[in-house]
Amino acid sequence: MAPRQAPTVRQRRFGTELRRLRDAAGMSAPKAADLLGTDRTTISNVEAGRFGISEERLRRLAGIYECADPTLVDALAAMTGGRKPGWWDEYRGKIPPDFLDVSELEHHASRLRTLQTAHLPGLFQTEDHARALFDLFIPALPRLEIELRIAQRLARHTVIVRQPAVPYTGLIHESALRMQVGGPKVAKAQLNRLLEESERTSVRLLVLPFSAGGFPMAGDSVMYAAADSYHLDTVQVDSPIGAVYFDSPTQLANFRARLDAVEQVALNPDQSRDTILGIASEL
């Protein structure tokens, strides 16, 4: 089997969790390889996300590591075997891989929760809004890449409209709602889109008003992608140099606590819709 040249975040996440199970068992890679009937290089490549592994071998490894969490083992088993190409793979090599990693995490998430303080959720951006954002890049992006990025962003909406939809909670600061990206007409259409999406039973949009004052992670753009086992949750945070991912148990617990704290100061869904409607009516 040829190693993957560029494992996705989800593939690396799988390997990281296997390494944690091995470390928790106090077992060396050579010992694990011996018990599995393979070599140390294979164990290292699997833990780095460079190799896949069959469900049968995954369950054998879980037994070797004496993992007593059947939910975690089943969740890991669901990540094994031949990876089926996702719709986002058609953009591979055409736009930055971070965009595709986010799409893959969203697709496989059991729940999504995001915090946006300067931008609106990518899952609900209109074509005109997305184009206005990409037009702001310095240096300017090639026109073809802009069109590809827009198409990929619009396609992400599938996790909201598919059946069953991924349950989604979006925390949006009032500053992001009032930023007229693309001008008043584009901004109003974008706010109306948010109002439409907020009517879905699987969607909760919660506004953080200026009156809420400070709150944890103010200024950050965060996505918390929950998995079938909380051990496999992943957090993605935007940064000036690209996406940063967090997945250690302590980091995940801290992000859950911070997002919970932010929800405590947000408006409820009805109040949030009224706020969005009020801002749109001013345009």
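Which residues does His129 touch, not counting residues up to four places away in sequence? They are Leu120, Val181, Val186 and Gln190, where contact means heavy atoms within 4.5 Å.

Before going on, a word on what we have here: this is a predicted model, in which local features need pLDDT of at least 70 and side-chain atom pairs count only at pLDDT 80 or more, while totals for chains, interfaces and linings use all residues. Residues are numbered from 1 along each chain as its sequence is written, and side-chain values use heavy atoms, with hydrogens and water left out.

His129 belongs to helix H7, residues 127-134; helices (H or I, at least four residues) and strands (E, at least two) are DSSP runs, numbered from the N terminus. With a relative accessible area of 4%, His129 is buried, a word that here means under 20% relative accessible area, with exposed meaning over 50% and partly exposed in between (1.4 Å probe, protein chains only).

Let me turn to Gln236, which sits in strand S5, residues 234-237, and counts as buried at 7% relative accessibility. If we leave aside its neighbours within four places in sequence, Gln236 is in contact with several residues, among them Val102, Ser221 and Tyr245. The side chains of Gln236 and Asp238 are also joined by a polar contact of 2.5 Å, that is, a pair of N or O atoms within 3.5 Å, where within protein one must be able to donate a hydrogen and the other to accept it, and residues adjacent in sequence count only if both atoms are side-chain atoms.

Now to the salt bridges, of which the whole structure holds 26, each being a side-chain nitrogen of Lys or Arg within 4 Å of a carboxyl oxygen of Asp or Glu. One of them is between Asp247 and Arg20, at 2.7 Å from N to O. This pair links distant parts of the chain, 227 residues apart, with Asp247 in the loop between strand S6 (244-246) and helix H12 (249-265), and Arg20 in helix H1, residues 9-24. Asp247 counts as buried at 19% relative accessibility, whereas Arg20, with a relative accessible area of 24%, is partly exposed.
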